[in-house]
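I opened the notebook with the structure beside me and wrote down what I looked up, one entry at a time.

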Amino acid sequence: MEKMSDVEMRCFSAVQYWRRKELAQHLKDTFTSFLPHPLSLQGASGTAKTSSAWKLAKVPLIIILFPLLLLIWLARVLFALALYPYRYLSTLPVPQGLHSPGERNIQGIHRAFSPYNDLSPAYYLLCVNDWVTILYGVDAARKHQIETYLFAQSSSRFIRPGEAPSRQHISLARESLSRALGYY
């Protein structure tokens with residue numbers, strides 16, 4: 001296997017950075033989310049009649065279930081706190097099986113790092129934008145952001161506005177971005 005260049009290592013460092021950011025956000029979300037989604041008092045789905053009736057029914061239900069909800073929340077927080085140092089430390093070392101990408105473009109970087117990349121779609125998009133900045137420079141990063149290509153894919157594939165992009169749409173956008181930028 002070929003040794004990775006400095007810019008490729010910086011791209012892998014970007015993956016690690018965004019994994020750490022996502023872990024921190026997940027820990028923060030664990031602290032701030034107390035009620036399960038169906039019991040949440042904000043924004044109910046459905047008609048106005050069912051939402052107001054459901055809101056009225058939820059209040060006594062929450063009061064009755066409060067001790068159980070508190071125990072479940074506390075268990076989730078303690079579990080997240082116990083695992084956070086391990087998960088954080090697992091983002092620091094460079095894995096032994098990491099190799100240089102075969103293709104010298106965004107697609108090649110993605111394929112080389114995909115076994116070590118478990119980012120959510122939102123953080124993955126930020127990571128790809130960092131890759132563009134690292135590999136092609138700031139000028140290219142201003143012109144070529146993956147969100148632009150994702151928007152082009154979504155408008156041609158009829159994705160509903162506000163809907164989270166699927167991995168397939170992200171993959172198509174990444175391929176278009178890679179073709180537009182070429183090799184580094």
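I began with α4 and α7, whose axes, fitted to C-alpha atoms over the stretch in contact, come within 12 Å and cross at roughly 10°. That makes α4 roughly parallel to α7, a label for angles under 35 degrees between N-to-C directions. Helices here are DSSP runs (H or I, at least four residues), numbered from the N terminus.

I noted that this is a predicted model, in which local features need pLDDT of at least 70 and side-chain atom pairs pLDDT 80 or more, while totals for chains, interfaces and linings use all residues. Residues are numbered from 1 along each chain, and side-chain values use heavy atoms, without hydrogens and water.

I then listed the contacts (heavy atoms within 4.5 Å): P121, Y124, L125, V128, V132 and Y136 of α4 meet R167, I170, R174, L177 and L181 of α7. By class, I found nine nonpolar, no polar and two charged residues there.

Next I looked up the largest nonpolar core, which has 31 residues; such a core joins buried Ala, Val, Leu, Ile, Met, Phe, Trp, Tyr and Cys residues through side-chain atoms within 4.5 Å, buried being under 20% relative accessible area with a 1.4 Å probe, protein chains only. I saw that α4 gives the most to this core, with ten residues. I106, among those with the most contacts inside the core, touches residues including V128, W131, R174 and L181.

Last, I checked P101, in the loop between α2 (48–89) and α3, which counts as buried because its relative accessibility is 3%. P101 touches E8, G108, I109, A112 and Y184, leaving out residues up to four places away in sequence.

Terms used
Buried < 20%, exposed > 50% of the residue type's maximum accessible area, 1.4 Å probe, protein only. Helix = DSSP H or I, 4+ residues; strand = E, 2+ residues; numbered from the N terminus. Axes fitted to C-alpha atoms, helices over the stretch in contact; angles between N-to-C directions. Parallel < 35°, antiparallel > 145°, perpendicular 65-115°, else oblique. Nonpolar A, V, L, I, M, F, W, Y, C, P; charged D, E, K, R; others polar.
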